[in-house]
Amino acid sequence: MAKEVLSTEAQFEQVMHECRALFEKKLHDYKASWRILRPSSLTDQLFIKAKRIRSLEIKQTSLVGEGIRPEFVALINYGIVGLIQVEHGFADTVDMNNDEAMILYDKHAAEALELMKRKNHDYDEAWRSMRVSSYTDFILTKIERIKEIENIGGKTLVSEGIDSNYMDIINYAVFGVIKLSEK
């Protein structure tokens with residue numbers, strides 16, 4: 001029996017469904033504890049995840065047993081956390097219940113899907129011909145851009161804002177999960 005080929009949109013939605021389910025389980029366990037993350041801390045968390053992916057791609061072995069795919073999933077969820085934090089700022093305590101957090105998660109996941117559809121139309125599915133390691137490098141580049149924007153207090157001259165970089169991180173990470181699932 002031939003394997004059904006899903007559209008990019010369906011694959012994207014499938015990955016986001018998986019990420020959402022994990023996010024919801026973590027909300028159950030930890031509540032919205034990420035609300036206390038200041039922008040720089042969130043950026044560093046994204047950096048740690050992306051740097052680990054790059055390290056695993058180069059070394060091709062993991063000593064802690066978790067592979068690359070879960071790190072891409074984490075980048076997706078932290079990217080959405082980043083979008084929520086940009087919209088609402090950080091807090092000193094958990095100031096959002098799980099239902100509110102999930103509503104915001106769904107809002108930003110839908111925005112990421114719509115952006116992917118627009119870009120995928122314009123770029124004609126170029127991502128399918130790319131290497132997973134390129135997604136990693138692009139994500140690390142986006143994180144460096146976020147750091148620089150944070151360092152200059154958001155006062156950019158021509159650049160997209162931090163939120164656009166989070167959206168790109170989410171989309172590249174989704175592509176990474178899709179590509180790794182197809183192997």
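Reader: How many aromatic pairs does a search of the whole structure find?
Author: Five aromatic pairs turn up. Keep in mind that this is a predicted model.

Reader: Okay, what's the geometry of Phe23 and Trp34?
Author: That pair is tilted, with 6.0 Å centre to centre and 45 degrees between the planes.

Reader: And which parts of the chain does the pair link?
Author: Distant ones: Phe23 belongs to helix H1, residues 8-30, while Trp34 is in the loop between H1 and helix H2 (39-59), and the two are 11 residues apart.

Reader: Is Phe23 buried or exposed?
Author: Phe23 is buried, because its relative accessibility is 6%, and buried means under 20%. Trp34, at 10%, counts as buried too.

Reader: Nice. What about Trp127 and Phe175, how do their rings sit?
Author: Those two are stacked, because the ring centres are 4.2 Å apart and the planes are at 5 degrees; the cut-off for stacked is under 30 degrees.

Reader: Where do Trp127 and Phe175 lie?
Author: Trp127 is in the loop between helix H4 (98-123) and helix H5 (132-151). Phe175 is in helix H6, residues 162-182, so the pair ties together parts that are 48 residues apart in sequence. Both count as buried: Trp127 has 5% relative accessibility and Phe175 has 8%.

Reader: Going back a bit, which residues form one aromatic cluster?
Author: Phe23 and Trp34 again, together with Tyr105.

Reader: Changing topic to charges: what sits over the ring of Phe47?
Author: The charged end of Lys147, 4.1 Å from the centre of the Phe47 ring.

Reader: Last one: how many residues apart are Ser164 and Lys142 in sequence, and what's the distance in space?
Author: They are 22 residues apart in sequence, with 9.3 Å from C-alpha to C-alpha.

Reader: Great, thanks!

Notes. Residues numbered from 1 in each chain as written. Predicted model: local features only at pLDDT ≥ 70, side-chain atom pairs only at ≥ 80, totals over all residues. Heavy atoms only, no water. Phe/Tyr/Trp six-rings, centres within 6.5 Å; stacked < 30°, edge-to-face > 60°. Helix = DSSP H or I, 4+ residues; strand = E, 2+ residues; numbered from the N terminus. Buried < 20%, exposed > 50% of the residue type's maximum accessible area, 1.4 Å probe, protein only. Lys NZ or Arg CZ within 6 Å of the ring centre and 35° of its normal.
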